[in-house]
Amino acid sequence: MSRFRDAAGQFNETNTAILGVSIDSVWANKAFREQLGVDFPILSDSKREVSRRYGVLNDESGVARRTTFVIDAEGIVRHVDQDRAALDPATAISVCRLIRKP
C-alpha cells in the first residue's frame with residue numbers, strides 16, 4: 001500500500017481512483033490506513049464477498065490473494081496483477097494511462 005500511496009499523484013494524472021480492499025475489519029483498515037498515511041480509502045470485505053466474487057479468496061484458509069485490478073469507467077476489468085506483482089503500481093499506472101479517456 002505504501003507504494004500506491006507514493007504513486008498516488010501518477011494515478012491522479014490519469015483521472016483514476018485508488019481503492020484498497022481488505023478482508024480485515026473496518027477498524028483494522030482504519031488503523032492501517034492511518035499508520036501508512038494513505039489518502040485513499042481501504043474498504044472492509046470482512047464477509048469476503050468481494051474477494052470471492054473476484055476469484056481471489058482461498059476458501060480453505062479464508063485469506064484473499066494480494067491482487068491489483070484496473071477497472072475502467074464501464075466496470076470492465078482491464079488488467080490484473082497478483083502476488084508480488086500486485087505490490088508494484090507501475091503496471092497499473094501504465095494500463096490506466098492507456099485506457100484513460102481524454
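Against which elements do the buried residues of α5 pack? The legends below, drawn from a predicted model, begin with this helix.

**View 1. The buried face of helix α5.** Helix α5 spans residues 90-99, and its buried residues are Ala-92, Ile-93, Val-95 and Cys-96. Viewed along the axis of α5, these buried residues fall within an arc of 165°, so they line one face of the helix. They pack against α2 (8-13), β5 and β6 (77-82).

View 2. Glu-13 and Arg-97 form a salt bridge in which the closest N and O atoms are 4.0 Å apart. Because Glu-13 belongs to helix α2 and Arg-97 to helix α5, the pair ties together parts that are 84 residues apart in sequence. Glu-13 is exposed, at 54% relative accessible area, while Arg-97 is partly exposed, at 40%.

**View 3. Two further salt bridges.** The whole structure contains seven salt bridges. One of them joins the side chains of Glu-34 and Lys-30, with an N to O distance of 2.7 Å. Both residues lie in helix α3 (residues 26-36), four residues apart, which is about one turn of the helix. In an α-helix, residues three or four places apart point the same way, because there are 3.6 residues a turn. Glu-34 is exposed, with a relative accessible area of 52%, whereas Lys-30 is partly exposed, with 44%. Arg-78 forms a salt bridge with Asp-72, where the closest N and O atoms are 2.7 Å apart. Here Arg-78 is partly exposed, at 46% relative accessible area, and Asp-72 is buried, at 10%.

**View 4. The aromatic pairs.** Two aromatic pairs are found in the whole structure. Phe-4 and Phe-11 are stacked, with 5.8 Å between ring centres and 15° between the planes. Phe-4 is buried, with a relative accessibility of 11%, and Phe-11 is buried, with 4%. The ring centres of Tyr-54 and Phe-69 lie 4.9 Å apart and the planes meet at 55°, so this pair is tilted. Tyr-54 is in the loop between α4 and β3 (57-58) and Phe-69 in strand β5 (residues 67-71), so the pair ties together parts 15 residues apart in sequence. Phe-69 is partly exposed, with a relative accessible area of 28%.

View 5. Val-50, in helix α4 (residues 49-53), is partly exposed, with a relative accessible area of 38%. Tyr-54 is also partly exposed, at 39% relative accessibility.

Technical notes
Residues numbered from 1 in each chain as written. Predicted model: local features only at pLDDT ≥ 70, side-chain atom pairs only at ≥ 80, totals over all residues. Heavy atoms only, no water. Helix = DSSP H or I, 4+ residues; strand = E, 2+ residues; numbered from the N terminus. Buried < 20%, exposed > 50% of the residue type's maximum accessible area, 1.4 Å probe, protein only. Phe/Tyr/Trp six-rings, centres within 6.5 Å; stacked < 30°, edge-to-face > 60°. Arc of directions from axis to C-beta. Contact = heavy atoms within 4.5 Å.
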